[in-house]
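Reader: I would like to go through the side-chain contacts of this model with you. Could we begin with the aromatic rings?
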Amino acid sequence: MRTLGQRTALGRRAFLFGASAALGGLPATPASAFLRRTQEPEAAEPRSLLMINQRTDEVFNEVYFDGREYLPGSLERFAHFARDLRTGEFGEMDPHLLDLACDIQRLAGADEPLILTHGFRSSSRNVRGGAANSHHLHGQALDITHRSLGARALHQRAAALGRGGLGRYSTFIHIDTGETRRW
């Protein structure tokens, strides 16, 4: 989405482009055609995620971003997939968390799923000893593993991305969309 300042800059650019064309400095192209070309959002690659819930054997295998926008139905299904299994509660999941998991999956081998060990966590059932304001409580964290890679190798691949919170435990890694930090 463009800001007001960017729209104003485009308006000035289109005016100068049209004025220059009228003076013979550029080929005559209508300013409206120039504006249409520059205001169309660029399409990105669609993004999908293949993940298995370790505790339920449920599979999430969906496109969640179609190249232009996040798909609300897919995000809702992921929220249910990553629910707190002790309470059945689920909350809105950060779409950028799915992007992070998708990028890790590409580095780990897109043919094999990531395994979800923990996703959303309800405040009433937060893990003993866990952070009081855990990213899990806000739909901004996942604990994942991979069938072919150990926690160390998966952690190394995730660290190569250089973004978000990343922790390594004996059998899984923690990822979140908070500030970049490692443990």
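Author: Rings of Phe, Tyr and Trp are counted as a pair if their centres lie within 6.5 Å, and planes under 30 degrees apart count as stacked. Please note that this is a predicted model.

Reader: How many aromatic pairs does a search of the whole structure find?
Author: The search finds 6 aromatic pairs. In one of them, the ring centres of Tyr 64 and Tyr 70 are 6.3 Å apart and the planes lie at 15°, so this pair is stacked.

Reader: And is Tyr 64 buried or exposed?
Author: Tyr 64 counts as buried, at 0% relative accessibility.

Reader: What about Tyr 169 and Phe 172?
Author: Their ring centres are 4.9 Å apart with the planes at 20°, so Tyr 169 and Phe 172 are stacked. Tyr 169 is partly exposed at 37% relative accessibility, whereas Phe 172 is buried at 18%.

Reader: Which residues form an aromatic cluster?
Author: Phe 60, Phe 78 and Phe 81 form one such cluster.

Reader: Turning to charges, where does the charged end of Arg 47 sit?
Author: The charged end of Arg 47 sits over the ring of Phe 65, 4.1 Å from the ring centre. Arg 47 also forms a salt bridge with Asp 99, where the closest N and O atoms are 2.9 Å apart. Asp 99 counts as buried, at 9% relative accessibility.

Reader: How many salt bridges are there by count?
Author: The count comes to 7 salt bridges. Among them is the one between Arg 163 and Asp 103, with the closest N and O atoms 2.6 Å apart.

Reader: Why does that pair tie together parts 60 residues apart in sequence?
Author: Arg 163 lies in the loop between helix H5 and strand S5, and Asp 103 lies in helix H4, so the pair bridges that separation of 60 residues. Salt bridges with shared partners also join Asp 103, Arg 106 and Arg 163 into one network.

Reader: Last topic: what lines the second largest pocket?
Author: The second largest pocket has 13 lining residues, with Arg 55, Arg 83, Leu 85, Thr 117 and His 118 nearest its centre. The lining divides into 4 nonpolar, 4 polar and 5 charged residues. Strand S3 gives the most to this lining, with 3 residues. The volume of the pocket is about 160 Å³.

Note on methods: Residues numbered from 1 in each chain as written. Predicted model: local features only at pLDDT ≥ 70, side-chain atom pairs only at ≥ 80, totals over all residues. Heavy atoms only, no water. 1 Å grid on protein atoms, 1.4 Å probe; cavity = no way out; pocket = protein on both sides within 12 Å on 5 of 7 lines; lining within 4 Å. Points joined across faces, edges and corners; volume = space filled by probe spheres on them. Helix = DSSP H or I, 4+ residues; strand = E, 2+ residues; numbered from the N terminus. Nonpolar A, V, L, I, M, F, W, Y, C, P; charged D, E, K, R; others polar. Phe/Tyr/Trp six-rings, centres within 6.5 Å; stacked < 30°, edge-to-face > 60°. Buried < 20%, exposed > 50% of the residue type's maximum accessible area, 1.4 Å probe, protein only. Lys NZ or Arg CZ within 6 Å of the ring centre and 35° of its normal. Salt bridge = Lys/Arg side-chain N within 4 Å of Asp/Glu carboxyl O.
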